[in-house]
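Colleague: Before we discuss the details, could you put the model on the screen?

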Amino acid sequence: MKGKIVITTLTACLLIGGCSKLSTNSKTPSTSISSATKVSNSAKEKMSSSSSSTVASSISSKNSSVKEDTTDSRIQELNQRLSMAIGTTKKPTVDGLNENHNRLNMHYISNAYGYTVYYSVGATAKEFNASTLASETPYATFNKTAYVSTAAAVTAVNHHAQETGLPVIDLGSGVQGTIDRGAGQAYLTWQAGRWSVTVHASPVMGQDPVAMSKQLVALF
């Protein structure tokens, strides 16, 4: 994909409420993160991987039994299968779960412009990319998309610059955001380097954009 702009994103539904399958009655605000500029390969790799690890060179047999004893053995096993399918690019190396690590499942879809990896927890651990995994609700997705030009990437990313004249909110760590309220909705936006982050909340549904924004700033 020489000459294309590549953007990689990781979305955790339980944390930011960004997946469409979440209930509309959720009290968790939705979050969007966007950039208006080209992202370097080194920056993408740092952002797309929660920690670094070396992918093992040997792949276990397709019929091998699922490991039950450690929290990271299951995602390591699945990442090895994923690397065989999409290449050894950087990818999440921890599952983000507090329990049921051994029931982690993973499947992906791809096209000429990238791929999307779906992470879910099932009643049982299934083979990587099993056809039945499409019916499981993912708790996180990992997406890579290539664009033919910087302009196309900017349009797709939909970067939101902070507006002047709006109330300023201190989000901690030296970060300040601006909040736009109206019609029962609230949009809290701040800049993180070349990225813009917007938390959309509905106060009438009991959602608090400030609390969620402070959590994201601390996470970043």
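**Strands, salt bridges, a helix and aromatic pairs**

Colleague: Which residue in β7 is the bridge partner of Gly172?

Modeller: In this predicted model, strand β6 (residues 168-172) runs antiparallel to strand β7 (residues 175-182), and the two pair over four bridges; DSSP must find at least two bridges before two strands count as paired. Helices (H or I, at least four residues) and strands (E, at least two) are DSSP runs, numbered from the N terminus. Within β7, the bridge partner of Gly172 is Val175.

Colleague: What pLDDT do local features need in this predicted model?

Modeller: Residue numbers start from 1 along each chain as its sequence is written, and side-chain values use heavy atoms, with hydrogens and water left out. In this predicted model, totals for chains, interfaces and linings use all residues, side-chain atom pairs count only at pLDDT 80 or more, and local features need a pLDDT of at least 70.

Colleague: Which residue in the turn of the hairpin formed by β6 and β7 has a positive phi?

Modeller: β6 and β7 form a hairpin with two residues between them. The turn residue with a positive phi, of about 60 degrees, is Ser173.

Colleague: Which residue in β8 does Thr178 stand opposite?

Modeller: β7 also pairs in the antiparallel sense with strand β8 (residues 185-192), over five bridges. These two strands form a hairpin with two residues between them, and Ala183 in the turn has a positive phi of about 55 degrees. The residue of β8 that stands opposite Thr178 is Thr189.

Colleague: Which residues are linked in a network of salt bridges?

Modeller: A search of the whole structure finds three salt bridges, each defined as a side-chain nitrogen of Lys or Arg within 4 Å of a carboxyl oxygen of Asp or Glu. Arg81 meets Glu77 at 3.8 Å, N to O; both lie in helix α3 (residues 73-86), four residues apart, about one turn of the helix. Arg81 also forms a salt bridge with Glu127, with 3.2 Å between the closest N and O atoms. The residues linked in this network are Glu77, Arg81 and Glu127.

Colleague: How many residues apart in sequence are the parts that the pair of Glu127 and Arg81 ties together?

Modeller: Arg81, at 11% relative accessibility, counts as buried, whereas Glu127, at 32%, is partly exposed; buried means under 20% relative accessible area, exposed over 50% and partly exposed in between, with a 1.4 Å probe and protein chains only. The pair forms a salt bridge, and since Glu127 lies in the loop between β4 (114-121) and β5 (140-147) while Arg81 lies in helix α3, the parts tied together are apart in sequence by 46 residues.

Colleague: Is Glu136, which forms a salt bridge with Lys126, buried or exposed?

Modeller: The side chains of Glu136 and Lys126 meet at 4.0 Å, N to O, and both residues lie in the loop between β4 and β5, so the pair ties together parts that are ten residues apart in sequence. Lys126 counts as partly exposed, at 27% relative accessibility. Glu136, at 13%, counts as buried.

Colleague: Within what arc do the buried residues of α5 fall, seen down its axis?

Modeller: In helix α5 (residues 209-219), the buried residues are Pro209, Val210, Met212, Ser213, Leu216 and Val217. They line one face of the helix because, seen down its axis, they fall within an arc of 160 degrees.

Colleague: How many degrees lie between the planes of Tyr115 and Phe142?

Modeller: The whole structure holds two aromatic pairs, where rings of Phe, Tyr and Trp (its six-membered ring) pair if their centres lie within 6.5 Å, and planes under 30 degrees apart count as stacked, over 60 as edge-to-face and the rest as tilted. Tyr108 and Phe128 are stacked, at 5.9 Å centre to centre and 15 degrees between the planes, and they link strand β3 (residues 104-111) with the loop between β4 and β5, 20 residues apart; both are buried. Tyr115 and Phe142 form a tilted pair, 6.4 Å centre to centre, with an angle between the planes of 40 degrees.

Notes:
The arc is that of the directions from the helix axis to the C-beta atoms.
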